Amino acid sequence: MNIRGKSELRIKSLPSMVPSDTVESKLIELGFKLHSEATIVSDDRFWRRRLYINGQEVVSVSDEIGRFYHLRDPIVTICGKKETIEALCSIL
């Protein structure tokens, strides 16, 4: 990994207006692979978080879940190149 490659990465966190399945399909289309999945508990709220990786780029997709499953807009956090951020923003 070179220093220039590191400096090309940007961080962006956005709420999505589309279901997480749509976001995940776009990630797979961009060459990302599911790396890990976890359930996070914070302030009496539950989140399902999936981490996708493509080389140095990392994207997490978090959906809130609870006692009653609600389809809520996922939160998408991107540490990636400008092109990746633009591609994901185009569907969000």
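Leaving aside neighbours within four places in sequence, Val23 is in contact (heavy atoms within 4.5 Å) with Ser16, Val18, Val61, Val76, Ile91 and Leu92. The model is predicted, so local features need pLDDT of at least 70 and side-chain atom pairs count only at pLDDT 80 or more, whereas totals for chains, interfaces and linings use all residues. Residues are numbered from 1 along each chain as its sequence is written, and side-chain values use heavy atoms, with hydrogens and water left out.

**Nonpolar core**

- Val23 also belongs to the largest nonpolar core, which has 13 residues; such a core is a set of buried Ala, Val, Leu, Ile, Met, Phe, Trp, Tyr and Cys residues joined through side-chain atoms within 4.5 Å.
- Val23, Leu27, Val59, Val61, Val76, Ile78 and Leu92 touch the most other members of this core.
- Two or more core residues come from each of helix 2 (20-29), strand 4 (57-65), strand 5 (75-80) and helix 3 (82-89); helices (H or I, at least four residues) and strands (E, at least two) are DSSP runs, numbered from the N terminus.
- In soluble globular proteins, nonpolar side chains tend to be buried together.

**Salt bridges between elements**

- The model holds six salt bridges, each defined as a side-chain nitrogen of Lys or Arg within 4 Å of a carboxyl oxygen of Asp or Glu.
- Arg50 pairs with Glu24, and their closest N and O atoms are 2.5 Å apart.
- This pair links distant parts of the chain, with Arg50 in strand 3 (residues 45-54) and Glu24 in helix 2, 26 residues apart.
- Arg50 is buried at 2% relative accessibility, and Glu24 is buried at 12%; buried means under 20% relative accessible area, exposed over 50%, and partly exposed in between (1.4 Å probe, protein chains only).
- Arg48 forms a salt bridge with Glu37, with 2.9 Å between the closest N and O atoms.
- Because Arg48 lies in strand 3 and Glu37 in strand 2 (residues 33-42), this pair ties together parts that are eleven residues apart in sequence.
- Arg48 is partly exposed, with a relative accessible area of 32%, and Glu37 is partly exposed at 46%.

- Lys26 and Glu29 meet through their side chains in a salt bridge of 3.2 Å, N to O.
- Lys26 and Glu29 are three residues apart in helix 2, so about one helical turn separates them.
- Lys26 counts as buried at 18% relative accessibility, whereas Glu29 counts as exposed at 59%.
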